[in-house]
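Here is a short briefing for a first look at this structure. Keep the view open while reading the points below.

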Amino acid sequence: MEFQTELDARGLKCPLPILRCKKALAEVDAGNVLKVIATDPGSVKDFQAFCKQTGHEMLAMAENTDAPQKEFIFHIRKRTN
């Protein structure tokens with residue numbers, strides 16, 4: 001999936017992945033896609049709730065089990081309004 005910016009949140013625990021995501025989204029243009037890579041299992045529910053509350057669109061969620069530690073990959077489109 002195409003994205004304009006990537007955020008590496010591996011090794012960070014709640015709430016840091018969400019806080020870093022919020023900061024990264026503030027720096028990208030509306031409609032652009034941010035790819036987030038996290039290792040915190042709680043990030044799945046956290047990012048779903050974050051998108052629902054903020055109006056950003058969760059385009060895709062995936063798991064990478066080939067990595068040394070399971071990774072959760074999110075593609076989030078910044079809201080346009």
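Contact here means heavy atoms within 4.5 Å. By that cut-off, P17, I18, C21, K22 and L25 in α1 meet D46, F47 and F50 in α2. The contact of α1 with α2 holds 6 nonpolar residues, 2 charged ones and no polar ones. Please note that the model is predicted.

**The helix pair**

- Helix α1 covers residues 16-26, and helix α2 covers residues 43-54.
- The two axes come within 10 Å of each other. They cross at roughly 40°.
- The crossing of α1 past α2 is right-handed.

**The cysteines**

- How many disulfides does a search of the whole structure find? The search finds 0.
- A disulfide needs two cysteine sulfur atoms within 2.5 Å.
- For C14, the closest cysteine sulfur is in C21, at 13 Å, so the two are too far apart for a bond.
- C51 is in no disulfide either. Its nearest cysteine sulfur is that of C21, 6.8 Å away.
- Is C14 buried or exposed, or something in between? C14 counts as partly exposed, at 48% relative accessibility.
- C51 is buried, with a relative accessible area of 5%.

**A cis peptide bond**

- Most peptide bonds are trans.
- The bond from C14 to P15 is cis, with omega near 5°.
- P15 lies in the loop between β1 (5-9) and α1.

**H75 in strand β4**

- H75 is found in β4, which spans residues 71-77.
- H75 counts as buried, because its relative accessibility is 9% and the cut-off for buried is under 20%.
- Which residues does H75 touch, leaving out those up to four places away in sequence? They are M1, E2, F3, V33, L34, K35, E57, M58, L59 and A60.
- H75 and V36 are 39 residues apart along the chain. Their C-alpha atoms are separated by 6.5 Å.

**E2, before β1**

- E2 sits in the segment before β1.
- E2 counts as exposed, at 68% relative accessibility.
- Neighbours within four places in sequence aside, E2 is in contact with V33 and H75.
- E2 and K22 are 20 residues apart in sequence. From C-alpha to C-alpha, they are 20 Å apart in space.

**K78, after β4**

- Where is K78 placed? It is in the segment after β4.
- K78 counts as buried, at 17% relative accessibility, so it falls under the 20% cut-off.
- Neighbours within four places in sequence aside, K78 is in contact with L25, A26, V28, D29, A30, G31, N32 and H56.
- L25 also belongs to the α1 residues that meet α2.
- K78 and V33 are 45 residues apart along the chain. Their C-alpha atoms are separated by 6.4 Å.

How values were computed: Residues are numbered from 1 along each chain as its sequence is written. This is a predicted model: local features need pLDDT of at least 70, side-chain atom pairs count only at pLDDT 80 or more; totals for chains, interfaces and linings use all residues. Side-chain values use heavy atoms; hydrogens and water are left out. Axes are lines fitted to C-alpha atoms, for helices over the stretch in contact, and angles run from 0 to 180 degrees between N-to-C directions. Helices (H or I, at least four residues) and strands (E, at least two) are DSSP runs, numbered from the N terminus. A crossing is left-handed if the near helix is turned anticlockwise from the far one by less than a right angle, and right-handed if clockwise. Ala, Val, Leu, Ile, Met, Phe, Trp, Tyr, Cys and Pro count as nonpolar, Asp, Glu, Lys and Arg as charged, and the others, Gly among them, as polar. Buried means under 20% relative accessible area, exposed over 50%, partly exposed in between (1.4 Å probe, protein chains only).
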